[in-house]
Amino acid sequence: MQTLRASDYGLSIALLSPAIVEVIDTLTKAGYEAYIVGGSVRDLLLGLHPKDFDAVTNATPSQIRETFGRRCRIIGRRFELAHVFIGRDMIEVATFRAPPRQAQTSASGMVLRDNAWGTIQQDYARRDFSINTLYYQPHKNKLLDFCHALDDIKNKKLRLLGDPVQRFEEDPVRMLRVLRFAAKLNFSIDQPILNILIPDMTVLLREVSPHRLYDESQKMFSAGHLTELLPLLIKHHIWSQLFADVPQQVTPFIERAAVNTDQRIKQGKSINPAFFYAVLLWEAYLKRLQLLKDKGLPDVEARTQAGMDTLRRQALRTAIPRYSENFIREVWEMQPRLIEPRTRQIPALATHARFRAAYDFLYLREQSGDTGTQGMGQWWHDYQELSTDDKERAIQKYNRQLIRDKRKRVAEGHVADDSVTDSADDTDEVILSIPDLASTRPAARRRASKNAEVARAIDNSLDHAVIASSKTVQNANHPITRRRRKPREQFQVEMGRNK
């Protein structure tokens, strides 16, 4: 063990959060040993900003709770920990651990219980990676290095303490941590670890609780290095253990979403890990959707059932919380509504609670080369930047394009012409057409015939009309003349009243 001056390595209280300083002070004043330990010390030595701080002490969880009172909550059964709340911050406080007095492991060697308390010398040996075994006491300006962790940090090497096979059997999640640290810190992985990262070893992840694996996946998605991590998951046979029915390849869509996620984290923006799950499972969802449609299930029911089936399969690997499942399904189910929105629904869609996430999903699909978006990702992107008046004009233009496209399909014989209607143009000249009676259904023919009679009656009464030179009426089907009211002659109207 080396006892070093912390200030010689750039460590100082000024770099710490007030919450961790208060926890260390409170435990020390209560007569206990207390140190800052783990990734926060490692990150400070590397010049990084720690996301959180962890503490370790010789006080048991019950003694920690007595010290902090109502601000402390004990969690965990396999690894009992104390969560101490200081204002809005939460500090995780662990007790020095010793080797278990009686082995409590599964058939594969995974530790089922580890609540034997010990000394600091016993505690460091129970930790996984050498770079996480530095203990920092800020008020004493003391840094404890038990296993040459500083050398490994200097050489940028990830090294496990003890036999890698045994350490992975004790806790298979360490395999995920290896790859996460390698991607985040750009460290090389020690060769003995690489030698055992094979399918027979990674299958141990199936024994880990799906809830815990979901928590670990959240850490991977929110570390800010997802782009570097995804290829490592495939290379070292872990991808298939985490994601059900997802092909082992980083598609352009997944890569684009990973880049976007990393950028948001670097900019200090928040992310929803469920969004990346929606991206990962998108292809599996589409395959299930097509299968249900082929069986004759209606479109709306097929989309709902496909979402439920896909997420149910994924829950066998990582237990996605119910609220996250609802989020993912809403993002998926809003895709067709954004691609082919009804004109009147566009303003309401833009204010939908899931619009932003669904739009981001659609836009990423389009940027990754998905032609199924029909260019609507860019349309919604531009729409959000417009003023209120410009939005109305954009909707009118979109509606006219819909009419032109539908008329084109009618001309090609793909759809019936009953529902083709026109919308007002920006100009004063409006041309409407009467459907061909021979090509419509009986009900449509009756409606068209009645409209034609009304139009002719109104047209006969237009002899008295004064038409401004700047306006033109093309025929009797002008929108003004097609209002549903009884035709009246000039002599029937007196001072604005009917005779």
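Reader: Which helices do the buried residues of α15 pack against?

Author: They pack against α13 (252–266), α14, α16 (299–314), α17 (322–339) and α19 (355–367). Packing rests on contact, which means heavy atoms within 4.5 Å. This is a predicted model: local features need pLDDT of at least 70, side-chain atom pairs count only at pLDDT 80 or more, and totals for chains, interfaces and linings use all residues. Residues are numbered from 1 along each chain as its sequence is written, and side-chain values use heavy atoms, with hydrogens and water left out.

Reader: What makes a stretch a helix here?

Author: Helices are DSSP runs of H or I with at least four residues; strands are runs of E with at least two, and both are numbered from the N terminus. The protein chain has 22 helices and 12 strands.

Reader: How do you know that the span of α15 agrees with its 13 residues?

Author: The expected span is 1.5 Å times one less than the number of residues. For α15 (residues 282–294) that gives 18 Å, and its end C-alpha atoms are 18 Å apart, so the two agree.

Reader: Which residues of α15 are buried?

Author: W282, A284, Y285, L289 and L292 are buried. They cover an arc of only 155 degrees around the axis, so they sit on the same side of α15. The arc is taken from the directions from the helix axis to the C-beta atoms. On the other side of α15, K287 and D294 are exposed. Buried means under 20% relative accessible area, exposed means over 50%, and partly exposed is in between (1.4 Å probe, protein chains only).

Reader: What makes α14 mostly covered?

Author: Count the buried residues in α14 (residues 273–280): eight of its eight. Among them are F275, F276 and Y277.

Reader: Why does T373 count as buried?

Author: Its relative accessibility is 1%, and the cut-off is under 20%, so T373 is buried. T373 lies in the loop between α19 and α20 (376–383). Leaving aside neighbours within four places in sequence, T373 is in contact with I339, L362, R365 and E366.

Reader: What makes the pair of T373 and E366 a polar contact?

Author: A polar contact is a pair of N or O atoms within 3.5 Å; within protein, one must be able to donate a hydrogen and the other to accept it, and residues adjacent in sequence count only if both atoms are side-chain atoms. The side chains of T373 and E366 make such a contact at 2.9 Å.

Reader: Why is the pair of K184 and D43 called a salt bridge?

Author: A salt bridge is a side-chain nitrogen of Lys or Arg within 4 Å of a carboxyl oxygen of Asp or Glu. In K184 and D43 the closest N and O atoms are 3.4 Å apart, so the pair qualifies. The pair links distant parts of the chain: K184 is in α7 (residues 173–185) and D43 in α2 (residues 39–45), 141 residues apart. K184 has 29% relative accessibility, so K184 counts as partly exposed. D43 has 4%, so D43 counts as buried.

Reader: How far apart in sequence are the parts that D245 and R313 tie together?

Author: D245 and R313 meet in a salt bridge at 2.8 Å, N to O. D245 lies in the loop between α12 (239–242) and α13, and R313 in α16, so the pair ties together parts 68 residues apart in sequence.
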